[in-house]
Amino acid sequence: MQPSDSTLTRLARGVVEPMGYELVGVEFFQRGAAGATLRVYIDHPRGITLDDCTAVSHQLSGVLDVEDPLPGHYDLEVSSPGLDRPLVFAEHYERFRGHRVRIRLAEKIEGRRNLEGVLAGFEAGTIRLEADGRVWEIPLAAVDTARLVPDL
């Protein structure tokens, strides 16, 4: 996912939030010779419909055409975050305190790269995660990916 201060995130936030949606995250990845994909995740308290994704895609596409932040061809995808919603920004960790999460670290901490537990808090750039009978303190910068674990 793109960091909160990236150009792509700022452009997407400038379109998504005035339309009444929450920007969950922005991904950009190359697909080899086939081009690239820019994926934007949006949410709303009532949920996300295909019409929501279409409206945001239309608006965002226009801004991206004008600003031209990415070289070459890419596909734009606008999507709901799904049940296993990604946690990207600091406010996500605050909002989902008490929820079960799965975290993959960019590098091992105490011999672990993958952790699953209950989000116990977030303060000063540090995630507190209750897992394996203890509280882990994980710098947000050390997180590769983090997702909610859905209650099914």
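On a 1 Å grid over the protein atoms alone, a pocket is an open set of points with protein on both sides within 12 Å along at least five of seven lines, and its lining residues have an atom within 4 Å of a point. Grid points are joined across faces, edges and corners, and a volume is the space filled by probe spheres set on the points. This is a predicted model, in which local features need pLDDT of at least 70 and side-chain atom pairs pLDDT 80 or more, while totals for chains, interfaces and linings use all residues. Residues are numbered from 1 along each chain as its sequence is written, and side-chain values use heavy atoms, with hydrogens and water left out.

**Stop 1: the largest pocket**

Select M1, L87, V88, V143 and D144, which lie nearest the centre of the largest pocket. The space in this pocket is about 350 Å³, and 19 residues line it. Next, colour strand β8 (143-148); with five residues, β8 gives the largest share of the lining. Helix α3 also supplies at least two lining residues. Helices (H or I, at least four residues) and strands (E, at least two) are DSSP runs, numbered from the N terminus. By type, the lining has eleven nonpolar, three polar and five charged residues. Here Ala, Val, Leu, Ile, Met, Phe, Trp, Tyr, Cys and Pro count as nonpolar, Asp, Glu, Lys and Arg as charged, and the others, Gly among them, as polar.

**Stop 2: the aromatic pair**

The ring centres of Y93 and F122 are 5.7 Å apart and the planes are at 20°, so the pair is stacked; stacked means planes under 30 degrees apart, edge-to-face over 60, and tilted the rest. Because Y93 is in helix α3 (residues 90-95) and F122 in strand β5 (residues 112-123), the pair ties together parts 29 residues apart in sequence. Y93 is buried at 1% relative accessibility, and F122 is buried at 16%. Buried means under 20% relative accessible area, exposed over 50%, and partly exposed in between (1.4 Å probe, protein chains only).

**Stop 3: charges over rings**

Select R13 with F89: R13 lies over the ring face, 4.8 Å from the ring centre. Then select R134 with W136, where R134 lies over the face at 3.9 Å from the ring centre. The criterion is NZ of Lys or CZ of Arg within 6 Å of the ring centre and within 35 degrees of the ring normal.

**Stop 4: salt bridges**

R134 is in strand β7 (residues 134-139) and E110 in the loop between β4 (100-109) and β5, so the pair ties together parts 24 residues apart in sequence. R134 is partly exposed at 34%, whereas E110 is exposed at 57%.

The structure holds 14 salt bridges (a side-chain nitrogen of Lys or Arg within 4 Å of a carboxyl oxygen of Asp or Glu).

Move to R112 and D132, which form a salt bridge at 2.5 Å, N to O. With R112 in strand β5 and D132 in the loop between β6 (126-131) and β7, the pair ties together parts 20 residues apart in sequence. R112 is partly exposed at 28%; D132 is exposed at 55%.

Last, select E22, D43, R85 and R95, which salt bridges with shared partners join into one network.

Terms used:
Rings of Phe, Tyr and Trp (its six-membered ring) pair if their centres lie within 6.5 Å; planes under 30 degrees apart count as stacked, over 60 as edge-to-face and the rest as tilted. On a 1 Å grid over the protein atoms alone, a cavity is a set of points where a 1.4 Å probe fits but cannot get out, and a pocket is an open set with protein on both sides within 12 Å along at least five of seven lines; lining residues have an atom within 4 Å of a point.
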